[in-house]
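Dear colleague,

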Amino acid sequence: MRVLAAMSGGVDSAVAAARAADAGHEVTGIHLALSRNPKSYRTGARGCCTIEDAGDARRAADVIGIPFYVWDMSDRFHEDVVEDFMAEYAAGRTPNPCLRCNEKIKFAAVLDRAIALGFDAVATGHYARLVTGSDGLIALHRAVDMGKDQSYVLGVLTQRQLAHSLFPLGRSRKEDVRVEAARRGLSVAAKPDSHDICFISDGDTGGWLADKLGSGSGEIVDHASGEVLGTHEGTFRFTVGQRRGLRVGRPTADGEPRYVLDIEPVAGTVTVGPRDALTVDHLIGSSPRWCGAVPAGPLHGTVQLRAHGREHAAVVGLASAGTSEEYVDIRLLDPAQGIAPGQAAVVYDGPRVVGSCTITRTSRPEAHLNVSEGNLDEREGNLDVREAHLNERSART
Amino acid sequence: MSETATITGNQRSVYLDHAASTPMYPEAVTATAEQMTRVGNPSSLHASGRAARRVVEESRERIAGSLHARPGEVVFTSGGTESDNLAVKGLYWARRSQEPRRTRVLSTAVEHHAILDPLHWLAEHEGAEVELLPVNRCGRLDVDALRESVARDPESVSFVSVMWANNEVGTVQPIRAVAEAAHAHGIPVHTDAVQAIGQIPVDFAASGVDAMTLTGHKLGGPYGVGALLVRRELELTPLLHGGGQERDVRSGTVDSPAIAGFATAVELSVQRQPRHAERISQLRDELLRRVCEQVPDAVMNGDRDCTLANRLPGNAHIQFPGCEGDSLLMLLDARGIEASTGSACSAGVPQPSHVLLAMGADDVSARSALRFSLGHSSTWHDVEALVEAIGPVVERARAAGIASGFGVVAKAG
């Protein structure tokens, strides 16, 4: 096959490209330039968008012995990922830009161009597996290394996209990939993983959004009493489940911390309440994307609600609203906490990704008096969705 | 068909990027290699030093002789970028220290970045007022516009810098007229002749210019060596201070091996220029004709009058509507054919060429062009290979252009 290897300048995509070449494919490396002015995005060594990263990718391609080019995807990236990110936050939702980038850039704009140029597939350094089923369909499966599994951010890919994808790292463990990189003489073997949103250079999402969206003050309101507890400088500084940065002077009666429960960007209202009130067991999702066949009936499987989040047992149904628009109805048998509209719900059947949707609405259990310990097993920091963002491994391809 | 046996980087490749770098003449390789085997700092007083010094001075004389300059006017540098920086900054500082009012610098919008970037730097940090004069659709400076600009306030002009011939579209500038227009007001003129030497006749003395940039690797010499020809009476503030070599204008141990090869290449390329230009322009004309046969809507950029007075003989700059230049480049590269989009890269991000934009091209058409540049090792086989490949390559690149919405996004932006 003629394979286009997307090379970010990181260790994963470098080894993925090398393995594709070893497998006998005719591999061409490309680095995606996502900013017209690379310096403005990031000057450290941990993003996807720097001149250094382009140089690292080029060096890796030299060592592997494949041609290498830089593709300018800056306009598309800005339109489809950065502007979407801003619009989602402005609307009080919590988007995942890595997922959007996979959906709109890497496996859409890049893939389409690659196919038009005569390539058969795009290879990336994502940790996920492709498995051809007995029905001839290609299924996306979780990686062997669950600590690195990136099937969540690939849950938006359709059968056509999967049919033109290669994920050479899906059966490997990260530490083995680093060892292999060193053995292959790739200078990126010890390069740190990227952690943040690649287009926010200092990792300060709130500051970045304030800069782009301006501030719009509003009130912080208690969910039970409706009492105004304080004011804030912009709803986009908050995500559902967030605890830090509320700066509400008065402590609660019981001394328990308050969490963001809801964000109403038009009114500028941020509703806060106790941790228990974050628990949800019913999700409605829009824009479903199915990796293979559309599920016929309700599916008993699991859903993952954030990158590197845990699985929740769930019953997933596909329904039609009053309009012709499809929506996905997810009943969590195992409730979740701090789920924000805008997050993606990726549906799994065992290790297999069934599809995904964007969460539009969440609702709390009718009678949830005792939140079981099992629901609290996530580290507290993970409840802060913004922090969860920082912990996300942005997909290094 | 090649005039001499030459070294090519990649034996299988069809090399059509001589304007980026042309293979070294074997004679230049020999001259460099011979000098590399000898010890001796040209500044040393002992016998080894004297021997090295002799090589350097003979090289200086050979270069001066080839370009009709005086040996004392040759200042060796590390190449085109350094020579351009030395000319631009050195002239600006020297002139300003004598007459503080002289802060205007006149140049063109189609100069190489080695001129434009130092000019922008002077504007940003040293109070220079840079006027980049417009060019016509061929990329040629209107000398009347220069005259008008000078006449507006001649006492404030520091110097004029206009390239001899453009690296992207091959347009030859009216250098003599530029020199006359500036000299009418006693203003010095620099020209970047990197692309011109060995391609078209270049006579430093007759041109009237006061400073001229040349570099080794564009004319069959080594990389990393070049020269600035500077008239004796012209004062330059040095960029590099140290041992006082090169008339105290360019300190640093003189690179005798590189200079020996450089001088050989200058001499050979100038000697061979008439025959070379004739042969290469025929090849280029054939390339243009046959590529346009394969791709009927292809458009030639630059001066359509391909005579030596107007256009470099090895330059073919072609716009392929609907194709992204970097798609074409990649597809040709995969077939072993090496060309250039001719545009400057930062992190390898293709930017629309400032030269084509200055010539009136829009953003989209500026990004759909490729430069094919022929040189002394080019043969009919190279043209054949390109002609054979170009049809399918353009077809593919067009499909990719449609797939990626090329021309839609860019126009909106």
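What follows is a short account of what was found, taken by topic.

Please keep in mind throughout that this is a predicted model.

I begin with the annotated site. The UniProt record, an unreviewed entry, carries the annotation "active site" for Cys101(A) and Cys198(A). These residues span 98 residues in sequence, yet no two of their C-alpha atoms are more than 10.8 Å apart, so they gather at one spot. Cys101(A) has its place in helix H5 of chain A, which covers residues 97-116, whereas Cys198(A) lies in the loop that runs between helix H7 (174-183) and helix H8 (205-213) of chain A. Are these cysteines buried or exposed? Taking 20 or more other C-beta atoms within 10 Å as the cut-off for burial, Cys101(A) is buried because 33 such atoms lie within that distance, and Cys198(A) is buried as well, with 26. Once neighbours within four places in sequence are left aside, Cys101(A) is in contact with Val81(A) and Lys106(A).

Among the contacts of Ala345(A), not counting residues up to four places away in sequence, are Leu283(A), Val303(A), Leu305(A), Ile330(A) and Ile359(A), together with Gly285(A), Ser356(A) and Cys357(A).

A further residue to look at is Gly170(A), which is found in the loop between strand S7 (165-166) and H7 of chain A. Gly170(A) counts as buried because it has 23 C-beta neighbours inside 10 Å. Leaving aside neighbours within four places in sequence, Gly170(A) is in contact with Tyr127(A), Ala128(A) and Arg129(A), and also with Ala143(A) and Val144(A). From Gly170(A) to Val353(A) the separation is 183 residues in sequence and 14 Å in space, C-alpha to C-alpha.

Last, the domains. Chain A is divided into domain 1 (2-190) and domain 2 (215-273), and the centres of these domains of chain A, taken over C-alpha atoms, are separated by 38 Å. Where they meet, 5 residues of domain 1 of chain A are in contact with 7 residues of domain 2 of chain A, and the residues on the domain 1 side divide into 3 nonpolar, 2 polar and no charged.

With kind regards

Notes
Residues numbered from 1 in each chain as written. Chains lettered and ligands numbered in written order. Predicted model: local features only at pLDDT ≥ 70, side-chain atom pairs only at ≥ 80, totals over all residues. UniProt positions renumbered as here; feature names shortened; annotations may be inferred. Helix = DSSP H or I, 4+ residues; strand = E, 2+ residues; numbered from the N terminus. Buried ≥ 20, exposed ≤ 12 C-beta atoms within 10 Å, placed from the backbone. Contact = placed C-beta atoms within 7 Å. Domains from an automatic or database assignment. Nonpolar A, V, L, I, M, F, W, Y, C, P; charged D, E, K, R; others polar.
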